[in-house]
Amino acid sequence: MVIDESQLTVVPANEAPWEDLQTIFGTTDAGQCQCQRFKIRGWIWRDSTLDERMTRLQDQTACGTPDAPSTSGLIAYVDGEPAGWVAVEPRTAYPKLRTSRVPWTDRSEDKDDESVWAVTCMTVRKGFRGRGLTYHLARATIPYARSRGARALEAYPMFTQPGKTITWGELHVGPHQAFEEAGFKQLTHPTLRRTVMRIDFT
């Protein structure tokens, strides 16, 4: 069943318990990565342990600290159950993004511009998948980033092709259509399956 807006609550991660975020991640790819793919400068699996990644994420999200000055994403609840996560921060908060070719191909962007924010990861808890939650998460990033002073918000989603099988892990960047329906515009299509999407606030 598709998730209705009335069933949904989305909060900054610092306003949610750490245990809720870990419930969303579970033991899947997200549980192993701990949303550190774009945070660790080297190769994530070689240059960090799971415990280190969990500690990093706990510091970044400041879960359970409502008065924290910043956090690294949003947590979605469906009928009160923790169901989804989306990472959204200033683009400069992701060191690995600087060396990824997807965001920068055919663009002349200032990589140090802190006013441009980015959505880098989405995770939906098992049992809530296939119900449209990624669309809700994509929309939720817009007012959140704008309220925190973003001048623009970018995403680097996957363009799914008819007849092509996509594993859940590959879709951690989010589906192109979810951002398109949220109002993001495509800037570039740097690879066969990846696009650069953006929404400007000024």
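## Strands and pairing

Two strands count as a pair if DSSP finds at least two bridges between them. Keep that in mind as you look at this predicted model. Strand 3 (residues 81-90) and strand 4 (residues 116-124) are joined by seven bridges, and the two run antiparallel. If you want a spot to look at, find W85, which stands opposite T123 in strand 4.

## The whole chain

Let's zoom out. How many helices and strands does the chain have? The secondary structure comes to six helices and seven strands.

Along its principal axes, the C-alpha trace spans about 40 × 35 × 35 Å.

Seven of them make an open sheet with mixed pairing, and their order is 1-2-3-4-5-7-6. Which strands sit at the edges? They are strand 1 (8-12) and strand 6 (185-188), each of which pairs on one side only. From one strand to the next, the twist averages 30°.

Helix 5 (residues 133-147) packs on this sheet. Helix 5 touches strand 1, strand 2 (73-78), strand 3, strand 4, strand 5 (152-155) and strand 7 (196-200). Compare directions, and helix 5 makes about 150° with strand 4.

## Two helices that cross

When two helices pack, we describe them by the angle between their axes and the distance between the axes. Here, the axes of helix 1 (residues 18-25) and helix 4 (residues 50-61) come within 11 Å and cross at roughly 125°. Because of that angle, helix 1 is oblique to helix 4. Is their crossing left-handed or right-handed? The crossing of helix 1 and helix 4 is right-handed.

Which residues make the contact? Helix 1 brings W18, L21, Q22 and F25, while helix 4 brings M54, L57, Q58 and T61. Sort the residues of this contact by type and you get five nonpolar, three polar and no charged.

Definitions and conventions:
Residues are numbered from 1 along each chain as its sequence is written. This is a predicted model: local features need pLDDT of at least 70, side-chain atom pairs count only at pLDDT 80 or more; totals for chains, interfaces and linings use all residues. Side-chain values use heavy atoms; hydrogens and water are left out. Helices (H or I, at least four residues) and strands (E, at least two) are DSSP runs, numbered from the N terminus. Axes are lines fitted to C-alpha atoms, for helices over the stretch in contact, and angles run from 0 to 180 degrees between N-to-C directions. Contact means heavy atoms within 4.5 Å. Angles under 35 degrees count as roughly parallel, over 145 as roughly antiparallel, 65 to 115 as roughly perpendicular and the rest as oblique. A crossing is left-handed if the near helix is turned anticlockwise from the far one by less than a right angle, and right-handed if clockwise. Ala, Val, Leu, Ile, Met, Phe, Trp, Tyr, Cys and Pro count as nonpolar, Asp, Glu, Lys and Arg as charged, and the others, Gly among them, as polar.
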